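Please look at the two chains shown below before reading on.

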Amino acid sequence: MTAALTLTDITVTYPDGGRTLTALDNISLEVQPGETIAVVGPSGSGKSSLLAVAGLLLTPNSGRIEIAGEDVTQLSRSAASQVRLAQLGLVFQQSNLISSLTAREQLEMAARLRGEKGRAVRQRADELLDAVGLADAAGRRPHQLSGGQRQRVGIARALMNDPTLLLVDEPTSALDHERGQDIIRLITRVTDDRGIGTVVVTHDMGVLEHAKRLLTLEDGQLSHSYAGGHGG
Amino acid sequence: MFLALRDLRFAKGRFALMGAVIVLISLLVVMLTGLTAGLGAQSTSAITSLPGDRVAMSQPPAGQSLSYTSSHLSDGAVAAAKRQHGVKAAAELQIAQAGVQVGGHDVAATLFGADPASFVAPHGLTANSVVISDELAKNQHLSAGDEVGINGMKFTVAAIRGDSSFSHMPVVWVPGADWGRLVGNGADSSVLVLSTGSGFNSGAFDHAVGVDSMATGDSLSAIGSYSAEHGSLTMMQAMLMGISALVIGAFFTVWTIGRTPDLAVLKAMGARTWYLVRDALGEALILLVAGGALGTALAATIGTLVGDSVPFVVDLSTTAVPLILLVLIGMVGAAAAIRRISTVDPITALGAAR
């Protein structure tokens, strides 16, 4: 089976005053379809850099990135955008929904970026909202939704273009424990159902019981890795 | 324009405020354009409606510019002009300002003197008669057959022809034969009106006749205060256009900065910069066209209502043209502001980078 994501010997450094800061130090990682991987670690450990590299938002200093078996390490900005549209779904911290769009329109927007529109797109958006338990909220704007509902819309939006890889950034940071667990359960469910590879970057240790694997990042190094409680 | 239309609907207050500013700017620009055209017509319509295609004036003294009111043709200039190659017709036009007595009071007017037999004289001009403009006839309730006085001489209104004015005064055409008795020596001026055809050589003509000739349209700057007046009003229009570009640019700069987190998310999702720029330009275009059209319609309505008492021209050149210019210049301002979309880094959509 082709891995959804393969990172090989990834190193990312930043200039930091007079010295160089190593955000990711020779990291390698493989995410299989249907697998949820949680990456935990303290602030500044390199979690967001890992997500940015996997999301083609940041070009590493060295190493190789493959998405669905295709080398995408050195793509132009435009080609990287195309890969994000076609292969990646991003779920942001606090959902980052567009304030002028309703829940349904958030999903339609994702399809429109690929040039798709019309009744079929609206129908797919409604199906996805239904799948995340928000069929009744399709016409609501972000300020009319709760934090948990906004995060669900963000997940549905990320699934709109049938991604190979789902990258999730701190999905529970703005939610209480119970709602956070709901969101994590939803992410692992759609990962299983749709055969997507999912990487969840989080501070929340509650993710552990749902993720198939847990990776710990510290000072840019994958210092620990073990099987979690979900699936197997 | 999926996002643009929804932004406009969602942020109604902000866009309504900006739209109101565009309405006011377009109202001012179109009012000023109509007024410029109206005032210009009051200064020049008697010249622009002359038959023929060129005007010649005596060469001004060193350091002075050509002027209708200080041009004096030499004796024999008309005859010399008629002999030149390419000249189909040439006639002298005499110009003076005078009071016209109508019903016991004086009305300021510009007298145009011409030989009734020449091509430049209006139809109906005969000895002891005058041809007056529509404006004078309307304002003084004159009609053909009525009597007016000029410097103590009585003339019958032979005809009413056109809405012609010169230097903001209505024009009264008088026969050239009466000119000497009407106007004191040195109180008048004279120019040549020419109808030219193929083979006309401006340089050779000017040299042979001792004049400066030019196309009729180019001669308007030689009318009294027309250049200064037209220049001032045109400068005000240009400044208003510049202000509109700055205001639109400032609005869209603030708007784009406010949207930066949304733009970063869309870029992270895979949106290309051009898609986002096109959407934002669409937003600006809708705002400019809607606000500009409303302001233009208001200005045209006001212009039509006050057209009898204020010199104001309402036509395509004073409404559609400034509207199109306003939209184009506004789009330049918006484009300069929206350009910053290209600098939004999608990585800022991630939590740690915010």
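## A covered helix

How many of the residues of helix 1 of chain A are buried? Eight of its eight residues are buried, so that this helix is mostly covered, where buried means under 20% relative accessible area, exposed means over 50%, and partly exposed lies in between (1.4 Å probe, protein chains only). Helices (H or I, at least four residues) and strands (E, at least two) are DSSP runs, numbered from the N terminus. Among the buried residues of the helix are A:Lys47, which carries a charged side chain, and A:Leu50, A:Leu51 and A:Val53. Just after helix 1 of chain A, A:Leu56 takes a positive phi of about 60°.

This is a predicted model, in which local features need pLDDT of at least 70 and side-chain atom pairs count only at pLDDT 80 or more, while totals for chains, interfaces and linings use all residues. Residues are numbered from 1 along each chain as its sequence is written, chains are lettered from A and ligands numbered from 1 in the order in which they are written, and side-chain values use heavy atoms, with hydrogens and water left out.

## Where the chains meet

At the interface, 30 residues of chain A are in contact with 24 residues of chain B, contact being defined as heavy atoms within 4.5 Å. The two chains bury about 2,500 Å² between them, 64% of it on carbon and sulfur atoms; buried area is the accessible area (1.4 Å probe) that two parts lose on being put together, summed over both. Across this interface there are seven residue pairs in polar contact, both residues being at pLDDT 80 or more. A polar contact is a pair of N or O atoms within 3.5 Å; within protein, one must be able to donate a hydrogen and the other to accept it, and residues adjacent in sequence count only if both atoms are side-chain atoms.

Helix 1 (47–54), helix 2 (77–87) and helix 3 (103–112) of chain A each supply at least two residues of the side of chain A that touches chain B. Helix 2 of chain A gives the most, with six residues. The residues on this side of chain A divide into 13 nonpolar, nine polar and eight charged, where Ala, Val, Leu, Ile, Met, Phe, Trp, Tyr, Cys and Pro count as nonpolar, Asp, Glu, Lys and Arg as charged, and the others, Gly among them, as polar.

## A charged residue at the interface

The count between chain A and chain B is two salt bridges, a salt bridge being a side-chain nitrogen of Lys or Arg within 4 Å of a carboxyl oxygen of Asp or Glu. One of them joins B:Arg6 to A:Glu105, with the closest N and O atoms 3.0 Å apart. B:Arg6 has its place in helix 1 (residues 2–10) of chain B, and at 17% relative accessibility B:Arg6 counts as buried. Leaving aside residues up to four places away in sequence, B:Arg6 touches A:Ser100, A:Leu101 and A:Glu105.

## An antiparallel sheet in chain A

In chain A, four strands form an open sheet in the order 2-1-4-5, and their pairing is antiparallel; two strands pair if DSSP finds at least two bridges between them. Strand 2 (19–31) and strand 5 (70–71) are the edge strands, each pairing on one side only.

Strand 1 (residues 5–16) and strand 2 of chain A pair over nine bridges, with A:Val12 opposite A:Leu24 and A:Thr6 opposite A:Glu30. These two strands form a hairpin with two residues between them, and A:Gly17 in the turn has a positive phi of about 65°.

## Salt bridges within the chains

Over all chains, the structure holds 13 salt bridges. A:Glu35 forms one with A:Arg213, the closest N and O atoms being 2.9 Å apart. Because A:Glu35 lies in the loop between strand 2 and strand 3 (36–40) of chain A and A:Arg213 in strand 9 (residues 213–218), the pair ties together parts that are 178 residues apart in sequence. A:Glu35 is buried at 8% relative accessibility, whereas A:Arg213 is partly exposed at 23%.

In chain B, B:Asp7 forms a salt bridge with B:Arg259, at 3.6 Å between the closest N and O atoms. This pair links distant parts of the chain, 252 residues apart, with B:Asp7 in helix 1 and B:Arg259 in the loop between helix 7 and helix 8 (260–269).
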